[in-house]
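This report describes the packing of helices and the pairing of strands in one part of a chain.

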Amino acid sequence: AFKYIDKYLVKYGGHKLAAGLTLLAENISAFANELNKYIDNIIRDEEFLFKEIKVDSFIEIKDITYRLYDEINKFEPYGHGNPKPIFALKNVRIKDLKRVGKNSDHLSFRLADSKSDMPVIGFGKIYLLDKILTKPSSYIVSISDNEFRGCKNLQLILSEVEEKEENLNFEVDEQKSKIIKSLINKSKSKIIKTDLFMFTEKLNRQYNVKITAEEIICTLKKDDNLQYVLKNDILYIKR
């Protein structure tokens with residue numbers, strides 16, 4: 001990419017894992033525009049449309065124990081050439097989703113199956129919120145040890161989610177769906193911009209119900225009369 005648009009660069013170089021460049025400040029905008037055009041042309045190729053995720057194993061919540069954690073630690077130190085093992089969790093549901101962190105750019109939630117659940121933290125993963133709320137096929141995680149106020153417990157570190165290839169299969173309670181659409185239709189604006197978490201709180205407070213962010217997104221996704229975009233935690237709805 002740099003070689004293709006090197007007319008804007010004073011110098012550049014690097015290797016497989018990193019690259020550096022020098023350019024004049026006056027060329028930054030032109031360089032960025034040409035770089036984006038180049039990338040757009042590349043990703044039209046089908047092989048770039050999907051991100052391949054390789055996991056070490058599929059796993060169930062019951063398998064996540066300190067015995068497994070200790071076995072994993074025997075392979076340290078981790079780094080390039082020896083990455084930390086990652087696992088895929090399927091057939092789980094999400095609960096207790098919230099934003100955390102000083103800038104609210106981390107996600108905290110629990111993944112549950114029919115018997116148990118496990119805490120998950122997604123550092124800087126607020127951009128995955130839309131995928132998380134539309135029932136992904138699996139959650140890609142690593143296992144970590146967390147100590148808080150003298151108590152130790154295992155937690156999962158979110159790496160990525162595997163999106164469903166088929167259409168969304170999620171039934172929202174009809175009464176809840178009506179409430180969600182009712183609040184949307186009360187807006188005088190055709191385009192609504194709102195914080196998803198605040199919108200969820202407003203619904204629950206105003207109608208004295210328990211509606212989740214997942215139910216809101218799935219309602220919007222299944223309604224042909226409503227269009228939405230979720231950018232990080234900001235929800236845009238077009239009626």
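Which residue in β12 is the bridge partner of K231? The partner is I234. The model is predicted, so local features need pLDDT of at least 70 and side-chain atom pairs pLDDT 80 or more, while totals for chains, interfaces and linings use all residues. Residues are numbered from 1 along each chain as its sequence is written, and side-chain values use heavy atoms, with hydrogens and water left out.

**Sheet**

Strands β11 and β12 (residues 234-238) pair in the antiparallel sense over 5 bridges. Pairing requires at least two DSSP bridges between two strands; strands are DSSP runs of E with at least two residues, helices are runs of H or I with at least four, and both are numbered from the N terminus. The open sheet has 3 strands in the order β10-β12-β11, with antiparallel pairing. Its edge strands, β10 (191-195) and β11 (227-231), each pair on one side only. On average, neighbouring strands of this sheet are turned by 15° against each other, direction ignored. Helix α5 lies across β10, β11 and β12 and runs at about 95° to β10.

**Helix packing**

Two packed helices are described by the angle between their axes and the distance between the axes. Axes are lines fitted to C-alpha atoms, for helices over the stretch in contact, and angles run from 0 to 180 degrees between N-to-C directions.

| Helix pair | Angle | Axis distance |
|---|---|---|
| α4 (174-185) and α6 (213-222) | about 75° | 10 Å |
| α5 (196-207) and α6 | about 100° | 9 Å |

Helix α5 is thus roughly perpendicular to α6, a term for angles of 65 to 115 degrees. In this pair, L196, F199, T200 and L203 of α5 meet A213, I216 and I217 of α6, where contact means heavy atoms within 4.5 Å. By class, the α5 contact with α6 has 6 nonpolar, 1 polar and no charged residues. Nonpolar covers Ala, Val, Leu, Ile, Met, Phe, Trp, Tyr, Cys and Pro; charged covers Asp, Glu, Lys and Arg; the others, Gly among them, are polar.

Helices α4 and α6 are also roughly perpendicular to each other. Here K176, S177, I180, K181 and I184 of α4 touch E215, I216, T219 and L220 of α6. The residues of the α4 contact with α6 divide into 4 nonpolar, 2 polar and 3 charged.

**Loop residue K51**

K51 sits in the loop between α1 (28-42) and β3 (57-59). Its relative accessibility is 63%, so K51 counts as exposed (over 50%; buried is under 20% and partly exposed lies in between, with a 1.4 Å probe and protein chains only). The C-alpha atoms of K51 and G122 are separated by 19 Å, and the two residues are 71 residues apart along the chain.

Methods. Parallel < 35°, antiparallel > 145°, perpendicular 65-115°, else oblique.
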